[in-house]
Amino acid sequence: MRNFSNAKRIVIKVGSSTLTHESGLLNIRRVEELVKVLADIQNSGRQIILVSSGAMAVGVGKLGLERKPQDMPGKQAVAAVGQCELMYTYDKLFSEYNYVTSQILLTRDVVDEPTRKQNVCNVFSKLIEMGTIPIVNENDSVSTEEIEFGDNDTLSAIVSVLTEADLLIVLSDIDGLYEDDPRTNPHARLISEVKEITPETEASASGAGSNRGTGGMITKIHAAQLATKYGVDMVIMNGSHPRKLYSLLENEEIGTYFHAKK
């Protein structure tokens, strides 16, 4: 039974495929709608933390490249360009609703080393206390661990644990976890709830992500394993229509709900 009415602190992860068109350029209408909904949810008294992919995809579009570079320095350079554009867009849009954004760029070593990890927890706490909306991404311009973070799916789970969130919502380009790949099997059934992640659950999550992201469903399952282990509920849902976040928080059966271990 879903009951998200008391979820006060919510981490929302949005992927490159949700933020951009096939061209790699920002899907402005969708980003504007997402920001409006998140600002309104924050207005209701909840605390929003946004984990946003998209730096590399936006950088590719900004530079007019045909595709993402394959070499690591190229990827990092594209991410450096794209991160500026991404944060400029978020800051401009959130300011229209009187919210200040803050940027946190993380690498794996920061969350693995105890003292630095505590520093991250402290800054999250202070930024939330100040009423800002923290926007988190992997520090792609210096990190070489993108595959480990899994297109920010795992990172969003780590952030939800570090910030002691009540709920993690992963916005994807698919409605949730299916019994089979719905892109190849149109009769595949959506799994509305997962109380325990089993080998069968992982087997249902095979397949790569879109050509504008690096993750897939399997990285989202790994994120669910981490979040639920530490008591954070998680939902995977389609991010194409951000207004459905309202319905989700009103406990409608949207996406796939992974129960936290209590």
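The model is predicted, and the values given here are computed from it.

A search through the whole structure finds two aromatic pairs, and the table sets out their geometry.

| Pair | Distance between ring centres | Angle between planes | Arrangement |
|---|---|---|---|
| F4 and Y257 | 5.2 Å | 85° | edge-to-face |
| Y90 and F94 | 6.4 Å | 35° | tilted |

Which parts of the chain does the pair of F4 and Y257 tie together? F4 is found in the segment before β1 (9–14), while Y257 belongs to strand β8 (residues 256–258), so the pair links parts that are 253 residues apart in sequence. Both of these residues, F4 and Y257, are buried.

With Y90 and F94, the ring planes stand at 35°, so this pair is described as tilted, because an angle over 60 degrees would be needed for edge-to-face and one under 30 degrees for stacked. Y90 and F94 both sit in helix α4 (residues 72–95), where they are four residues apart, or about one turn of the helix. Y90 and F94 are likewise both buried.

At the surface, L63, L65 and V81 form a nonpolar patch, and together they have about 210 Å² of accessible area. One of these residues, L63, has its place in helix α3 (residues 55–63). Is L63 buried, exposed or partly exposed? L63 counts as partly exposed, because its relative accessibility is 44%, and the partly exposed class lies between under 20% for buried and over 50% for exposed.

Methods. Residues are numbered from 1 along each chain as its sequence is written. This is a predicted model: local features need pLDDT of at least 70, side-chain atom pairs count only at pLDDT 80 or more; totals for chains, interfaces and linings use all residues. Side-chain values use heavy atoms; hydrogens and water are left out. Rings of Phe, Tyr and Trp (its six-membered ring) pair if their centres lie within 6.5 Å; planes under 30 degrees apart count as stacked, over 60 as edge-to-face and the rest as tilted. Helices (H or I, at least four residues) and strands (E, at least two) are DSSP runs, numbered from the N terminus. Buried means under 20% relative accessible area, exposed over 50%, partly exposed in between (1.4 Å probe, protein chains only). Patches are made of residues with over 30% relative accessible area and no salt bridge: like charges are joined within 9 Å, nonpolar side chains (Val, Leu, Ile, Met, Phe, Trp, Tyr) within 5 Å. Accessible areas come from the Shrake-Rupley method with a 1.4 Å probe; for residues, only the protein chains shown count as cover. A salt bridge is a side-chain nitrogen of Lys or Arg within 4 Å of a carboxyl oxygen of Asp or Glu.
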